[in-house]
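Trainee: I would like to learn how to read a model like this one. Could you walk me through it, feature by feature?

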Amino acid sequence: MNADCISLCKKMLPETYVDQGRESRRARENKIRLLLEKKKLPEDGWDEADIEMLLTELSVMDSNNFCGNCGAGEREGRVVSDLVARRHYRLAHGIGRSGDITAIQPKAAGSSILSVLTNAMALDVIRLAGTVNVQC
């Protein structure tokens, strides 16, 4: 939550309770920041809430998830079933362009970030397995 939302929460609950919740969120946000910064497997595994928070944060960056947007283009990510959309964290737009799966998708910033992270973490695993001369 941003500072404005935290302020509004403090009008409903004691400040110490809201601060505890904010600190919990900051800890998860810090994990995401470190992943984006280092682009390597985290030293300590993430729980489901960490992973879901990352996927949710990334999915709202894709144009098919913009508030009030109703994508009608031929390549817009659309899912009829809300059950399927939730199962895939609303990541429906896709990655790549014109035959290049690694190309950045302008309407899918979140999916493109996820793709870059996935490739970097896969490379990190290959290096951790002992292969020294690898690159993307």
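Trainee: Is the crossing of helix 1 and helix 2 left-handed or right-handed?

Mentor: Before that, a word on the source: this is a predicted model, where local features need pLDDT of at least 70, side-chain atom pairs count only at pLDDT 80 or more, and totals for chains, interfaces and linings use all residues. Residues are numbered from 1 along each chain as its sequence is written, and side-chain values use heavy atoms, with hydrogens and water left out. Now to handedness: a crossing is left-handed if the near helix is turned anticlockwise from the far one by less than a right angle, and right-handed if clockwise. Helix 1 and helix 2 make a right-handed crossing. In contact there are I6, C9 and K10 from helix 1 with E15, V18, D19 and R22 from helix 2, where contact means heavy atoms within 4.5 Å. The helices themselves are DSSP runs (H or I, at least four residues), numbered from the N terminus.

Trainee: At what angle do helix 1 and helix 2 pack?

Mentor: Two packed helices are described by the angle between their axes and the distance between the axes. The axes are lines fitted to C-alpha atoms over the stretch in contact, and angles run from 0 to 180 degrees between N-to-C directions. Helix 1, residues 3-10, packs on helix 2 at about 145°, and their axes are 9 Å apart.

Trainee: And how do helix 2 and helix 3 cross?

Mentor: Their axes come within 10 Å and cross at roughly 65°. Angles under 35 degrees count as roughly parallel, over 145 as roughly antiparallel, 65 to 115 as roughly perpendicular and the rest as oblique. Helix 2 and helix 3 are therefore roughly perpendicular to each other. The crossing of helix 2 past helix 3 is right-handed. On the helix 2 side the meeting residues are R25, R28, E29, K31, I32 and L35, and on the helix 3 side A49, D50, M53, L54 and E57.

Trainee: Which residues make up the largest nonpolar core?

Mentor: A nonpolar core is a set of buried Ala, Val, Leu, Ile, Met, Phe, Trp, Tyr and Cys residues joined through side-chain atoms within 4.5 Å. Buried means under 20% relative accessible area, exposed over 50%, and partly exposed in between, with a 1.4 Å probe and protein chains only. Here the largest such core has seven residues: I32, L35, W46, M53, L54, L58 and L117. Helix 2 (15-38) and helix 3 are the elements that give two or more residues to it, and helix 3 supplies the largest share, three residues. Take I32 as an example: leaving out residues up to four places away in sequence, I32 touches W46, M53 and L54.

Trainee: Is S59 buried or exposed?

Mentor: S59 counts as buried because its relative accessibility is 4%. You will find S59 in helix 3, residues 48-59. Beyond four places in sequence, S59 touches N65, Y89, R90 and L91. A polar atom of the S59 side chain also lies 3.2 Å from the backbone oxygen of Y89. That is a polar contact: a pair of N or O atoms within 3.5 Å, where within protein one must be able to donate a hydrogen and the other to accept it, and residues adjacent in sequence count only if both atoms are side-chain atoms.

Trainee: What is the phi of Y89, and what is the phi of R90?

Mentor: Most residues other than glycine have a negative phi, and most peptide bonds are trans. Y89 has a positive phi of about 55°, and R90 has a positive one near 60°. Y89 sits in the loop between helix 4 (82-87) and helix 5 (109-128), and R90 is in the loop between helix 4 and helix 5. Y89 is partly exposed at 29% relative accessible area, and R90 is partly exposed at 35%.

Trainee: Which residues is N65 in contact with?

Mentor: Setting aside neighbours within four places in sequence, N65 is in contact with S59, V60 and R90. Its side chain has a polar atom 2.8 Å from the backbone oxygen of R90, and a polar contact of 3.4 Å joins the side chains of N65 and N64. N65 lies in the loop between helix 3 and helix 4 and counts as partly exposed at 21% relative accessibility.
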